[in-house]
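Trainee: I keep meeting labels for residues and pairs. Could we test a few against their definitions?

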Amino acid sequence: MGISILNDKCIGCKLCVPACPFGVITVAEKKALIGDACTLCGACEPACKFGAIKFAYETGPAADLSAYQGVWVFAEQRGGKLADVALELLGEGRQLATVLQQPLAAFLLGSGIGHLAKELIAFGAERVYVADHADLRGFIEDSYTTVLTEMARAQKPNIILLGATAIGRSLAPRVAARLGTGLTADCTGLAADPGTKDLLQTRPAFGGNVMATILTQNHRPQMATVRPRVFCPLPKDENRIGETVNWNLAKTVFDHRVKLLESMTAQDEKVNLAEAEIIVSAGRGLGDQKNLCLVKDLADALGGVVGASRAVVDAGWIAYQHQVGQTGKTVRPKLYVACGIHGAIQHLAGMQSAEVIVAINKNPEAPIFKVAHYGIVGDAMEVIPEMLKELKKAK
Amino acid sequence: MKIVVCIKQVPGTTEVKINPETNTLIREGIPNEINVLDLYAIEEALRLKERLGESTVVALSMGPPQAAESLRQTIALGADEAILLSDRAFAGADTLATAYTLAEAIKKIGDVSLILCGKQAVDGDTAQVGPEVAENLGWPHLTYVRKINEIGGQEVIAERMTDDGYERLSLPLPALLTVIKEINEPRLPGIKGQMRAKKAEIPIWTAESLNADPDRIGQKGSPTWVKKIFYPESTVTAEIIAGSPSEQAACVVERLKGLGMA
């Protein structure tokens, strides 16, 4: 079993009992007992103040991983434009590469995208691998997985980072499974161990109630996805020097079993919440669908986009694309204004990392105030028009 | 057509909070439930069955013994069969090991045309298992599916959400799709369903039943492992702005201007 109670340290204080999300810990005769239904999730370990809970991992003999070198960033591009997250990952990649004393490279897949290599170099890539092929024009899992795994097997990078975008979250697990390696999703923190060359991957779990630091010790490449706006890009420097390597796809076999039939952009204006800097979000506290226009006005006045709580989407007031939260989108804007949003834990999981959070709610006990930087106890329907007046004054 | 729906029993995260005095996690209320997004996958499978006729829906889950309760729930909703993969040897599995185990079970079930999964589970939040199962089986997959337009003997046409909008693609069967909430409105179980569920037998398959490679399951089969768990520091204390709506508005706009955001 991977977990045990050290009986000499356990005093039966029972702090671990409610900490178990699955309810499998009991205390009998002043000693804790972990039941059979334990899933080895680890949530109990930090609950014990006496160090009585111990995780034991069978890591097996350490593999020789020294051949794996390099920090790679997937240079996601859509329609010939690099995704911001790719540049942000180059920024973080630079730090990791320095600690590890390994090269930093970007790998770029697409069709007619060779010119983007210069931009990647300007943002810090020492080398850019370019796979340019008609079959890579739009994102299809099969072709991208084939090329990426080919490149990874040939070049043996130590680390591969991808944005946790719609593309990244579909591509990364497929590649990880094909390479038989570990993947950690939605990392909010990364660090490198210069000795072991391990990547320490930190991410939230249980809706953000708990943080976990994860390692892929015995497998390479170590893969991780990171959400947009978690890291910052390096300043663009056109004088940076880098190498472009055109990947030879002559022998690559592309599978055409999956076909793209139609591509549709969002019906209303493009709502990319994940990359938005300012989001004004609507909750049920607004009372009625027609009141959403106030939220839209405020978003326009601040130069942001409209978000929504699950309740509002479920009520049919606004399309699912606007939903912020655990079953919607996770966002990290500079500014998040929550209007009439209660702050259920699943909503907070989707927005609590915003730099500045303003919350407006009639209920002073609303949990949204626990994560807000500025709280207004009041009726959003009264406060927002006043805010619009104030914002107009500035202009 | 045989449709498999992969489900996961998860803690009721609504009820998981941090106790500010002891700084530990507290789970209150109902400890376990079906992962909410899986309900949408089950619903879609049931609708496909209704649409196509002559189909079976099999619910599958890897978990500890109590996960059988969630599987029973799928029977109540209308699934024809439910299978639990449970074995001490499966515990501690990360997404790779879980995907291997589920894929082996699907191979054992045999003759499966379509696998539906929820986009992600609300405890791990990785959204990795679906695509990894597809890779293990060598099947095509799509994530973030909001609609299944057509499905026939050889092919499925579905729409997936992208960062910029939507795309419609065709995939040959067998295939795996992970679904988002937009796809449907899940039904509630009826009395008949609940009675069926009470009587249903849920077989338990172990590592031996699957002839699973011991190096690919459970902790052993997991390249990732948790080095440390800690509680995030709650660093925010709200500045509560008092006054009339116009005073509150003036104050907050001033704060935002000071931060360069207005």
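**Labels and cut-offs**

Mentor: A:Lys389 counts as exposed, with 52% relative accessibility. This is a predicted model: local features need pLDDT of at least 70, side-chain atom pairs need pLDDT 80 or more, and totals for chains, interfaces and linings use all residues. Residues are numbered from 1 along each chain, chains are lettered from A and ligands numbered from 1 in written order, and side-chain values use heavy atoms, without hydrogens or water.

Trainee: What makes A:Lys389 and A:Glu386 a salt bridge?

Mentor: The rule asks for a side-chain nitrogen of Lys or Arg within 4 Å of a carboxyl oxygen of Asp or Glu. Here the closest N and O atoms are 3.2 Å apart. The pair passes.

Trainee: What makes B:Arg187 and B:Glu50 a salt bridge?

Mentor: Their N to O distance is 2.9 Å, against the limit of 4 Å. The pair links distant parts of the chain, 137 residues apart. B:Glu50 sits in helix H1 (residues 36–52) of chain B. Helices are DSSP runs of H or I, at least four residues, numbered from the N terminus.

Trainee: Why is B:Arg187 called partly exposed?

Mentor: Its relative accessibility is 28%. B:Glu50, at 54%, counts as exposed.

Definitions and conventions. Buried means under 20% relative accessible area, exposed over 50%, partly exposed in between (1.4 Å probe, protein chains only). Helices (H or I, at least four residues) and strands (E, at least two) are DSSP runs, numbered from the N terminus.
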